[in-house]
Amino acid sequence: MDAANQTLRLTAYFSQFITEHKRAFMDRVLDNRTRYVTMVLEDIYQSQNASAVIRTCECLGLQDIHIIETRSSWSTNKQVLKGSNKWLDLKRYKEKDTNNTAVCFENLRAQGYRIAVTDPTPDGVPVHDVPLDRPLALVMGNEKHGSSTYALEHADLKVNIPMVGFTESFNISVSAAICLNSMLHRLRQADLPWQLTAGQKDQLRLNWYKKVVRRAELLEREFMRSIE
């Protein structure tokens, strides 16, 4: 049995343990999920900030978040997360003695992403003018120091949020919400391939089914034995 067929058969099997209402809800979420825009968090050290950004990404329809841990270890706050992380794919870059930002950027470029680093200086592109003609990875830097020198020097463009007050920058979770809301609103109005492929939806649907079905691992083993 090939992988795609196995995924569909397992999904059909698990569907009997999930209400029709919940299955329909998951399908609506899948229809609005995207990997066309992805979030990169570079050395975020405050757990409440990290958690708030994850929750924002999930609410707005992102599927992937890339987490760089060169200078700061990643931690989260369950009360802020509200379970949002269980529906997302979190990709962590945390090798010791390694420029994890470089590794992350190389991985993203191999997948065709344009890399846009947020920075409050005025020489960047305003967030509402960021081009969306190809997949975009939005990089948010450290709360204290901002984006690293490497990130700024190796990005395809810098992005800023126009402000008219005295304060230089927003909190990182607010910045993420403003940027993503602007980009995703424009993206969903455009004639661009922003939605997940059928195969990606099938795999995520199965993953999500297994998250809400009790004893999913045991049930899967029993099902696989029954069809051998």
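1. Axes here are lines fitted to C-alpha atoms, for helices over the stretch in contact, and angles run from 0 to 180 degrees between N-to-C directions. The model is a predicted one, in which local features need pLDDT of at least 70 and side-chain atom pairs count only at pLDDT 80 or more, while totals for chains, interfaces and linings use all residues. Residues are numbered from 1 along each chain as its sequence is written, and side-chain values use heavy atoms, with hydrogens and water left out.

2. Helix α1 (residues 3-15) packs against helix α9 (residues 216-226) at an angle of about 120°, the axes being 11 Å apart. This makes α1 oblique to α9, since angles under 35 degrees count as roughly parallel, over 145 as roughly antiparallel, 65 to 115 as roughly perpendicular and the rest as oblique. On the α1 side, Q6, R9, L10, Y13 and F14 meet A216, L219, E220, F223 and M224 of α9 (contact means heavy atoms within 4.5 Å).

3. T149, found in helix α6 (residues 149-154), counts as exposed because its relative accessibility is 53% (buried is under 20% relative accessible area, exposed over 50%, partly exposed in between, with a 1.4 Å probe and protein chains only).

Note on methods:
Helix = DSSP H or I, 4+ residues; strand = E, 2+ residues; numbered from the N terminus.
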